[in-house]
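Here is a short briefing on one protein model. It covers a pocket first, then the strands and their pairing.

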Amino acid sequence: MAKRKYDLIVFDWDGTLMDSTATIVRCIQAAARDLGLPIPNDTNASYVIGLSLLDAMQAAIPDIDPKYYPRMVERYRYHFLTQDHELVLFNGVKDMLSELAQDGYFLAVATGKSRVGLNRALNASKLLSVFDATRCADETFSKPHPAMLLELTRELGQDIKRTVMIGDTTHDLLMANNAGADAIAVNYGAHSTSVLQEYNPRYMANSVTQLHDWLTENA
């Protein structure tokens, strides 16, 4: 049997495991509308997914009075909490994660969500026990800073060179590049194929099934 390439597989959450991109975009737009601020279009709102909430609001609506950003975060959270119970995992996610865990890989999450938000999502999706470690944007530096990946590898005693980051945004891919890890892109989330391709991911998956198949054969 061929020696496998990775020991640690790190997943982004929103847009990679959870089908939440459209909901996040609507909540960012609703938060701006509540405060009478310029409403970002779908492209600009989806581009900031994966960043910490404060960074995301600043990037989605630049050049406004900074006092509005904490209020944007507050309104975003209000809208998201009214809808997040309706969110579902992409088809095939549970089977993929179960098989990877059974095959002995360390599994982790690196996300722009808050700790409270991720724990709520993990509990709702019954995935809390699947992951060996998780890191959130309110615990360390936001993507694309490499801290999340470096901290996860240290916590789990793993080598960054045998770690792969899987995500749907350029923030995920750039974080992996900055950390010295491999990166795999999925193009069914927030960022387009053409934008993701600029960061030279090791592979681009069009679906969870395709991602699962690639990991089975190549990880």
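How many residues line the largest pocket, and which lie nearest its centre? The model is predicted. In it, 21 residues line the largest pocket, and L53, Y76, G112, K113 and S114 lie nearest its centre. Domain 1 (8–19 + 88–218) and domain 2 (20–86) both contribute to this lining, so the pocket lies between them.

**The largest pocket**

- The volume of the largest pocket is about 340 Å³.
- Helix 1 (21–34), helix 3 (53–60), helix 4 (68–81) and helix 6 (115–124) are the elements that each give two or more residues to its lining.
- Helix 4 supplies the largest share of the lining, with four residues.
- By residue class, the lining holds 11 nonpolar, five polar and five charged residues.

- Buried here means under 20% relative accessible area.
- Strand 2 pairs with strand 1 (residues 8–11) in the parallel sense, over four bridges.
- Within that pairing, F11 has V109 of strand 2 as its bridge partner.
- Strand 2 also pairs with strand 3 (residues 133–136), again in the parallel sense and over four bridges.
- Here A108 has A133 of strand 3 as its bridge partner.
- Helix 6 belongs to a right-handed β-α-β unit with strand 2 and strand 3.

**Strand 5 and its partners**

- Strand 5 (residues 182–186) is mostly covered, with four of its five residues buried.
- Strand 4 (residues 163–167) runs parallel to strand 5, and four bridges join the two.
- M165 stands opposite A183 of strand 5.
- From strand 4 the chain passes through helix 8 (residues 170–179) to strand 5, in a right-handed β-α-β crossover.
- Strand 6 (residues 203–205) also runs parallel to strand 5, joined to it by three bridges.
- I184 has Y203 of strand 6 as its bridge partner.

**To take away**

- The largest pocket lies between domain 1 and domain 2, because both give residues to its lining.
- Strand 2 pairs with strand 1 and with strand 3.
- Strand 5 is joined by bridges to strand 4 and to strand 6.

Technical notes: Residues are numbered from 1 along each chain as its sequence is written. This is a predicted model: local features need pLDDT of at least 70, side-chain atom pairs count only at pLDDT 80 or more; totals for chains, interfaces and linings use all residues. Side-chain values use heavy atoms; hydrogens and water are left out. On a 1 Å grid over the protein atoms alone, a cavity is a set of points where a 1.4 Å probe fits but cannot get out, and a pocket is an open set with protein on both sides within 12 Å along at least five of seven lines; lining residues have an atom within 4 Å of a point. Grid points are joined across faces, edges and corners, and a volume is the space filled by probe spheres set on the points. Ala, Val, Leu, Ile, Met, Phe, Trp, Tyr, Cys and Pro count as nonpolar, Asp, Glu, Lys and Arg as charged, and the others, Gly among them, as polar. Domain bounds come from an automatic or database domain assignment. Buried means under 20% relative accessible area, exposed over 50%, partly exposed in between (1.4 Å probe, protein chains only). Two strands pair if DSSP finds at least two bridges between them. A crossover is right-handed if, with the strands pointing away from the viewer, the path from the first strand over the helix to the second runs clockwise.
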